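Please read the points alongside the sequence and the model.

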Amino acid sequence: MTRTVYVNGEYLPETEAKVSIFDRGFVMGDAVYEVTAVVGGKLLDFAGHEARLARSLNEIEIENPFAEGELLAIHRELLAKNELVDGGIYLQVTRGNPGDRDFVFPDPAVVKPTVVLYTQLKPGVLQSPTGINGIRVISVPEMRWHRRDIKTVQLLYPSMAKMMAKKAGVDDAWFVEDGFVTEGSSNNTYIVKDGAIITRPLSQDLLHGITRAALLRYANEAQIKIIERPFTIAEAQAADEAFLTSASAFVTPVIEVDGAAIGAGTPGPIAKRLREIYIDEALKAGI
Ligand code: PDD
């Protein structure tokens, strides 16, 4: 089945969708994005992703192109047209096509944002082997810019970090800055010590994960202690458990960091329980 995608107000077969070679998303990485999980045909944490998109756009002074309710309507239309059950919706908004290359932002009254959305199919996403069996990670130096709270499409270094992990024979990389873990290449990171979850507090140093926000809410309701403070790789290696969160990985156990097994070297009970709680609650609240 050919995917139907959304480009600037039109639903088109993916083979006919086009964006200009002068688009600032392409030339300058001048764009922000969101990924919303779809499970059983439902959108998870949609309101959170919509709110973060508005914030990212505001931070880089791109006018929000969506009228009230429009973004949800597009998501629903794409789900229906592509009969998507399990997977996600990728959304990107760029500063648009000024007609040539120029560092200066174009006049927003003249150049309107480019909007692209498409579905990504992941059948049986809840049963992914990594989500169930856990993953192994290495640490790499943090080399991204200093506004990691803005979800920009500037993903070269995160892609390089994933390749470093792949070459090292593991699944993912955690960024380390000034001795402390900031986050994973495309996820937020946590350790568990003596029954408490430890995770870095929000700042410009890391993305304000929508799955993180939901998970901490659910963990609090389940009376699991949460400590928001930075942690080191040595602490992770000596922790009882570790895990990560993202819209595409939900809650995924981490069983090894830089070659050292964490806890028993298998997914820990708290990570497993939080994965269950997150999936149950997010599905219940899904729309
Ligand atoms: N990545 N940190 C980074 C650097 C991320 O890229 C992501 C998400 C997260 C988790 O955020 P959320 O829970 O809102 O998905 C944290 C998405 C899934 C991606 O790039 O595919």
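1. At least two residues of the shell around the ligand come from each of β3 (31-39), α2 (46-59), β9 (180-184), α6 (210-221) and β13 (241-246); helices (H or I, at least four residues) and strands (E, at least two) are DSSP runs numbered from the N terminus. The model is predicted: local features need pLDDT of at least 70, side-chain atom pairs count only at pLDDT 80 or more, and totals for chains, interfaces and linings use all residues. Residues are numbered from 1 along each chain as its sequence is written, and side-chain values use heavy atoms, without hydrogens and water.

2. Because domain 1 (4-125) and domain 2 (129-285) both give residues to this shell, the ligand lies between them. The domain bounds come from an automatic or database domain assignment.

3. The side chain of Tyr 33 places an N or O atom 2.7 Å from an oxygen atom of the ligand. For Arg 52, a polar side-chain atom is 2.8 Å from a ligand oxygen atom, while for Lys 151 such an atom is 3.3 Å from a ligand nitrogen atom. A polar contact is a pair of N or O atoms within 3.5 Å.

Key: A polar contact is a pair of N or O atoms within 3.5 Å; within protein, one must be able to donate a hydrogen and the other to accept it, and residues adjacent in sequence count only if both atoms are side-chain atoms.
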